[in-house]
Amino acid sequence: MSGPYPMVSVLGILIVALTLAAGLIWLERRLLALWQDRYGPNRVGPFGLLQVVADGVKIFMKEDWIPPFADKPVFILAPAIIMVTVLMSYAVLPVAPGIIISDLNIGLLFILAMSSLGVYSVVLAGWSSNNKYALLGGLRAAAQMISYEVFMGLSLMGVVLMAGSFSLSAIVEAQQKIWFVVPQFLGFVLFLIAGLAEMRRTPFDLPEAESELVAGFHSEYSGMKFGMFFVGEYLGVTLISAMITVLFFGGWLGPVLPPVVWFLLKTFLFIAFFILVRAALPRPRFDQLMSWGWKVMLPLTLINLLITGAVVLSWS
Amino acid sequence: MLSILKGIWNVFLHTFQKRITVQYPDQKPYLAPRYRGRIILSRDPDGGERCVACNLCAVACPVSCIALQATEDEHGRRYPEFFRINFSRCIFCGFCEEACPTYAIQLTPDFEMAEFHRQNLVYEKEDLLINGPGKYPGYNFWNISGVQIGGKDKGRAAHEAAPVDVHSLLP
């Protein structure tokens, strides 16, 4: 499935994903600055691009401190889980025809499963830190993930119904005539919100909530372990943007430009949108978040699924 | 829901707005003439030190960062033997400038005084003295004070009136 040299695809996607995630730190800081009428990092290198390198060097040189009261093995394991699970999801992501590591016939379910596993990272980090703020962050993460995961999966079922497959490249191919964002607009909006919550981005960053919980689940982390959470978050943002592109905006499909460029362009647009949302919206209260998820989003998703099912049935 | 979208749109419109950052080291901010920055000791128009070591600045200083020792030269004119300002303590309140009876101590529009060692923030008299009169170009304390110093009697300087003979006021 992955062409003649599978390792090339694997390494290529790995390197591109990790570079993008690092570059996103710079991009986010610059874009947030732009929308707050500032400049952001513009000193190190051209346009401040080398800021990421400087930060990387700094974070590698830092003392790798594990608090004496922490649960050491779990504390070390937690940041690894988020990296592994997010990177695993990239395995089934169709970047362009031929550029995919493993075209699973249940690719969509695989990604949903991996993002669910990623929550363990946050919960375990909060628990093993043995710190009340970290624990509260972990608890919030657990509750938030459970409530938002439900309709995240359900909001995609409309797409699956229309494409008739769980394979991501089959879903892209099914959008030759029309992008799924048009017939599945409600599903798109719901998935966008659920994706924000799943990646714990502002306005759904309650597990971190630096104004309430110090730094939430990663309060006790420092050095490269903290960096892993950070990179994991940005990998997650990229993944959700790529998912939206694949599921609702026709993936690599597009005129003139080569497929890879179309894919990256669309993904980049959604990354920028996520950053814009972060710049614009405040964090809701935790009970508001929960009641919104269960009382508004879930019924809407079910209605969307029912209508899509009915339409697909009556057509076929 | 609509307000959320409106908020996002309004933030997006900031893309096209001017940035308010002053890029400091490349782009210096405007400092008003009366900005309270680095402290200096000024001189008379004829080049003598204005400071008469009266200690009023040291007394006025709320953080006690000024230290000086008064002495007299051969003409009986007072001046500080040493004058020391610890800028690691100084809060740039300007009380010393207000307290000074001779316009000697003045605050200037300069704040770039960063040092790598704390000890380097202690300025001695040589560091503080400038070669000019600062904000008061024509002012010379010894020409208007009426004080007697060596070589000049009471009220004999250019801008002084002769002392009143109190005995002549008798009826």
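Predicted model: local features only at pLDDT ≥ 70, side-chain atom pairs only at ≥ 80, totals over all residues.
Me: How do I read a helix pair, and at what angle do helix 8 and helix 9 of chain A cross?

Reply: Two packed helices are described by the angle between their axes and the distance between the axes. Here helices (H or I, at least four residues) and strands (E, at least two) are DSSP runs, numbered from the N terminus, and axes are lines fitted to C-alpha atoms, for helices over the stretch in contact, with angles from 0 to 180 degrees between N-to-C directions. Helix 8 (residues 223-248) of chain A crosses helix 9 of chain A at roughly 120°, and their axes come within 8 Å. That angle makes helix 8 of chain A oblique to helix 9 of chain A, given that angles under 35 degrees count as roughly parallel, over 145 as roughly antiparallel, 65 to 115 as roughly perpendicular and the rest as oblique.

Me: Which residues of helix 8 of chain A meet helix 9 of chain A?

Reply: Residues are in contact if their C-beta atoms, placed from the backbone, lie within 7 Å. On helix 8 of chain A they include A:V237, A:S241 and A:I244, and among those they meet in helix 9 of chain A are A:F263, A:K266 and A:F270. By class, this contact of helix 8 with helix 9 of chain A has 7 nonpolar, 4 polar and 1 charged residues, where Ala, Val, Leu, Ile, Met, Phe, Trp, Tyr, Cys and Pro count as nonpolar, Asp, Glu, Lys and Arg as charged, and the others, Gly among them, as polar.

Me: Where does chain A touch chain B, by element?

Reply: In total, 10 residues of chain A are in contact with 11 residues of chain B. On the chain A side, helix 1 (6-35) and helix 9 (259-280) are the elements that give two or more residues, and helix 9 of chain A gives the most, with 4 residues. The chain A side divides into 8 nonpolar, no polar and 2 charged residues.

Me: How should I read a sheet, and in what order do the strands of chain B stand?

Reply: Strands of a sheet pair through backbone hydrogen bonds, either parallel or antiparallel; two strands are taken to pair if DSSP finds at least two bridges between them. In chain B, 3 strands form an open sheet in the order 2-3-5, with antiparallel pairing. Strand 2 and strand 5 of chain B each have a single partner strand, so one side of each is left without a neighbour in the sheet.

Me: How many bridges join strand 3 of chain B to strand 2 and to strand 5 of chain B?

Reply: Strand 2 (residues 66-72) of chain B is joined to strand 3 (residues 78-86) of chain B by 7 bridges, with B:T71 opposite B:Y79. These two strands of chain B form a hairpin with 5 residues between them, and B:G76 in the turn has a positive phi of about 80°. Strand 3 of chain B is joined to strand 5 (residues 122-123) of chain B by 2 bridges, and there B:N86 stands opposite B:V122.

Key: Residues numbered from 1 in each chain as written. Chains lettered and ligands numbered in written order. Contact = placed C-beta atoms within 7 Å.
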